[in-house]
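Subject: Structure for you to look at

Hi,

Here is the structure I promised to pass on. Please open it next to this message, so that you can follow the notes below with the residues in view.

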Amino acid sequence: MSLNREQKKEVEALMTISSQEKNDKKGHRGRFRKRDCEKMRYPSLIGKEPIQRQGSRSKQEVYEEAWRLMEQDRKTCTAAEASFSDIEKEMIYAKLLPIKQAGGDYLAAIDAGWKSSRNKTGFEHIPLADFWKDYVTSKIKNRDWKRQNTITANDRIWRLEKDRLFKQPLGIFTDAVTGRGQIKAFLERHKCKWKARKSALSALSYIRGFLTYIKAKTDAGGTLLNKALINEVCDYEAVLPEGLEPEQPNRAATLAQICSLIDALSHGLYRTNNRGREVQPKAAEIILKCFMGARSELVHLWNWSIWNRETGRITIPKEMTKMKTHNQVFKVSEIPFLEEWLWWAWEIDGRPSDDQPICRSGRGETERLSKKWMNMNKHIFSVSHENRLYDLETEIKPAKTHRNHIRSAFITYAQTMTGLGAESMEITRASIVTIAEDKHCWDSYVDPNADQESAKRFFELTPDNYKQILKEEIDKIEEY
């Protein structure tokens, strides 16, 4: 392709061509000038790499390559311009001219305007109900909801509010005042049904999770929802109804209760499950709950590979932790006698291989058998650190009266030990925060009625002495 004089002049209007010498070879290079490319409307050539090739290009080659790139740009512009009428072009230029004259970035202004417009036209009018099906599917598929009662609770809220709260457009919740008003009205409507503060907080937590999902789903379009706004809309101090029943006080399991559950769940003292067959021992499950404060919903995800018997470390993958931000790693020596308990549980559970689960039966079975054992031994489980008188008549309902009592015991006794100085058995708050994976909700587990003596004896428990300590603690209960 040979260019005529006019074509070369067009190239020179956009490009500076200079001679160069590389590796003893003489040649030419061409560089597009940004200002002239903007002025002549060649947007694809702005910032284009110089045309060169190790000093071997001739001046004619530079002209030809530049012309090819200019033609390519013109074809692109022609296709885009064909989408607009002459009047529309003039309107566009009229809008952009003040931005350009003021030295602003008119292309960035177009992007920002598009995002803002998309927010209003793409999301604000969409009702919450349109996001619900995908939300539930994603939660179940990704195993974020591991328990059937979580699925059931969310479904219950949907059925109660599908014609009210979920009919509201998303735009309502992009304003803190109107969004909070809707949430407050929702909680007020069901105040008599839930009664307890804890139930209302759970419902609020489900709504918060749903709004957080919508935020992530609409982020690409520049949604007006953000974390700070969701926190404002779901601020429990502002939206919870008055007159709700207070939460149950924290209750840490006593030494007798811990030893009794270790014995019962490890050796199957309740003998059989509902189907009449012998149940699997649950030694590791109860040991990890007692001496690590392990959460029930998480311990059922773990297998024996979390414990490296050679290095004496426990490593829980981040996807099997509560926060899912990083692996939970610590030495078993950070908790007195934890290593002895783990070897004991491994033997009781049949020396399972690393790929076998810690819990070989469902969480429901453990809860059912624990409840059965607790009601068989009311003289042990009806007492507490606050009230040492036992009650043999009232049925024990662990979900209400003993909720999280084992985890509460671990955190309560550990906190007590960290304040004993030389008698702390080298238990540190930092270790407990890591092991129990809890930093911000510490106080929600601490039982203020537990004493130092119970804390010391808890961390002195071993597979060899727990039965003797159980007997001693039962004698104390009966004497009292």
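The notes below go through the sheet, the aromatic residues, the cavities and the salt bridges. Please keep in mind that this is a predicted model.

Let me start with the sheet. Three strands make up an open sheet, and their order is β3-β4-β5 with antiparallel pairing. At the edges sit β3 (307–308) and β5 (328–331), each of which pairs on one side only. Strand β4 covers residues 313–316 and is joined to β5 by four bridges in the antiparallel sense.

Next come the aromatic residues. The count of aromatic pairs comes to 19. One aromatic cluster is formed by F291, W341, W344, F410, Y413, F458, F459 and Y466. Two arginines also lie over ring faces. R309 is placed over the face of W307, at 5.3 Å from the ring centre. R407 does likewise with Y445, lying over its face at 4.7 Å from the ring centre.

What lines the largest cavity? Its lining consists of M292, G293, A294, R295, L298, W302, Q328, R407, I435, A436 and E437. Sorted by class, that lining has six nonpolar, two polar and three charged residues. So that you can find the spot from the sheet, note that Q328 belongs to this lining and that β5 spans 328–331.

Finally, the salt bridges. The search of the whole structure gives 19 of them. One to look at is the pair D155 and R159, whose closest N and O atoms are 3.0 Å apart. Why are these two residues about one helical turn apart? Both are in helix α7 (residues 148–161), and they are separated by about one helical turn because they are four residues apart in that helix.

That is what I have for now. I would be glad to hear what you think once you have had a look.

Best wishes

Methods:
Residues numbered from 1 in each chain as written. Predicted model: local features only at pLDDT ≥ 70, side-chain atom pairs only at ≥ 80, totals over all residues. Heavy atoms only, no water. Pairing = 2+ DSSP bridges. Phe/Tyr/Trp six-rings, centres within 6.5 Å; stacked < 30°, edge-to-face > 60°. Lys NZ or Arg CZ within 6 Å of the ring centre and 35° of its normal. 1 Å grid on protein atoms, 1.4 Å probe; cavity = no way out; pocket = protein on both sides within 12 Å on 5 of 7 lines; lining within 4 Å. Nonpolar A, V, L, I, M, F, W, Y, C, P; charged D, E, K, R; others polar. Salt bridge = Lys/Arg side-chain N within 4 Å of Asp/Glu carboxyl O.
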